[in-house]
Amino acid sequence: MGTQQRGQSGRGTRGHDSVGDGRGAAISASARDLIARFETRSATIGVVGLGYVGLPLVRAMHDAGFRVIGFDIDESKITSLKAGETYLKHLGTGLAKELARSDRFVPTTDEKALRSCDAIAVCVPTPLGKHQEPDLSFVESSCRMVARMLKQGGLVSLESTTYPGTTREICKSILESREDGTKHVCGKDFFLCFSPEREDPGRASAETRTIPRLVGGVDEASTRVGVAFYSAAIERVIGVSSAEVAEAAKLLENIYRAVNIALVNELKPLMMRMGIDVWEVIRAASTKPYGFQAFYPGPGLGGHCIPIDPFYLTYKAKEFGVATRFIELAGEINSRMPGYVVERLAGALNDDGKALKGARILVCGLAYKPDVDDVRETPAAEIIRLLHEAHAEVSYHDPHVAKFPAMRRYKYRLSSVAMTVETLGKADAVVIVTNHSSVDYATIGRHARLIIDTRNAMAGVEGVTARVVKA
């Protein structure tokens, strides 16, 4: 459908594919000049939002040889970066130290520092509101700030996941009609693209530099400038025909996962009633070399993407009068899983002649996925809420999360307890929510009374004397 181009850079060969009409129309002198600065690494790059998306992008751009301005409104992040201290453990301790020593990285809470930037990537949260509606307030406020600071002929790239049309309808409008009353024309005075983040915290096999990157501009010049920007730091960049295609592609990636996880989550209770191990069924189906991809059930969805992104498309679909039934049903199934876990726990306690009320429950794993400290949208928080509502006594153990952090919907004064023989002996039940690799499951199996296993973590563990109930 497109053509692949290769170009030489100072740090090795980079490449990009073109997915579009391939017309290659002439672009302005300002666009050519900006592309040249990306190719020579003489441009200054700004990153707005230094969280799970922004900080890895800072690393990629810094490693490529650019001067990088990192902006965040959270002063604690800036203080940590200046001191060479990490606040995202999955990135390791070396990154923060390297950035603190570098004269090419400036972390700041002062928006005026962005005035020197030739390109600014916006990496801010796009959460849901109280009624599952998109909350674009962070994107809008960031674009207003960028509009005040962006230099003539600069590039703005939105990386925050959102519904198709956001870049063109919201960001472009804000950037063109600025607060001071001046007018700026996209494609001439500045360039604008959407390039969705594809971060997966804790995945050692991929990093920002090696994960293929999509870029779609609101016009052809913006696409070409955006492709040049990311090609300077990322190994493979794919240009698509519009910002809307890039926005929709990101949603499809996560909706695909949400729907398939919902499928196995729906099958799990059925298989259990039939006396069949759903994890064994999935392993058996996975032996087929084509036409099947394994997805695994769990206690619910976590992370910023899968629990949230599908609802951005269902919201936009209503504008066009289209019902997105698969997506909405998947959301319903996945959101029911924390309640299902608590139901299984209550039933198992009842079998032991105990009530959930007053029971001492140890939740194993607070992070939403193994071996990271990321608690965004973690199902463990909802499980703990339901346990508190049932008047159970709740504690948790997580080697990566020392204290229960303040969340938008959950606030508990809890700290991780040690996983000791004494702790296990006091608990009426252990609920394994996240299967961290550093947890000693053999000790849990020998010294716990009852284990509610939502991750199949106890499979293959030897010497287990506790009763194990899968959920």
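Decide whether Y312 and Y163 are buried or exposed.

*Solution.* Start with the cut-offs: buried means under 20% relative accessible area, exposed over 50%, and partly exposed lies in between (1.4 Å probe, protein chains only). Y312 has a relative accessibility of 0%, so Y312 is buried. Y163 comes to 8%, so Y163 is buried too. Keep in mind that this is a predicted model, where local features need pLDDT of at least 70 and side-chain atom pairs count only at pLDDT 80 or more, while totals for chains, interfaces and linings use all residues. Residues are numbered from 1 along each chain as its sequence is written, and side-chain values use heavy atoms, with hydrogens and water left out.

**Exercise B: aromatic pairs**

Find how many aromatic pairs there are, and describe the pairs F38 with F229 and Y163 with Y312.

*Solution.* First, the rule: rings of Phe, Tyr and Trp (its six-membered ring) pair if their centres lie within 6.5 Å; planes under 30 degrees apart are stacked, over 60 edge-to-face, and the rest tilted. The count by this rule is 6 aromatic pairs. Next, take F38 and F229: the ring centres are 5.3 Å apart and the planes stand at 50 degrees, so this pair is tilted. Then place both residues: F38 belongs to helix 1 (residues 29-40) and F229 to helix 7 (residues 220-231), so that the pair links parts of the chain 191 residues apart. Helices (H or I, at least four residues) and strands (E, at least two) are DSSP runs, numbered from the N terminus. F38 is buried at 0% relative accessible area, and F229 is buried at 0% as well. Now turn to Y163 and Y312, a tilted pair with 6.4 Å from centre to centre and 35 degrees between the planes. Y163 sits in the loop between strand 7 (154-158) and helix 6 (166-176), and Y312 in helix 10 (residues 309-319), so the pair ties together parts 149 residues apart in sequence. Finally, F38, F229 and Y230 make up one aromatic cluster.

**Exercise C: a buried asparagine**

Work out which polar contacts the side chain of N334 makes.

*Solution.* Begin with the location: N334 is found in helix 11, and N334 is buried, with 5% relative accessible area. A polar contact is a pair of N or O atoms within 3.5 Å; within protein, one must be able to donate a hydrogen and the other to accept it, and residues adjacent in sequence count only if both atoms are side-chain atoms. The N334 side chain reaches the backbone oxygen of A258 at 3.1 Å. It also makes a polar contact with the side chain of N265, at 3.0 Å.

*Solution.* As background, most residues other than glycine have a negative phi. R41 lies in the loop between helix 1 and strand 3 (44-48), and Q132 in the loop between strand 6 (119-122) and helix 5 (137-149). For burial, R41 is buried at 14%, whereas Q132 is partly exposed at 39%.
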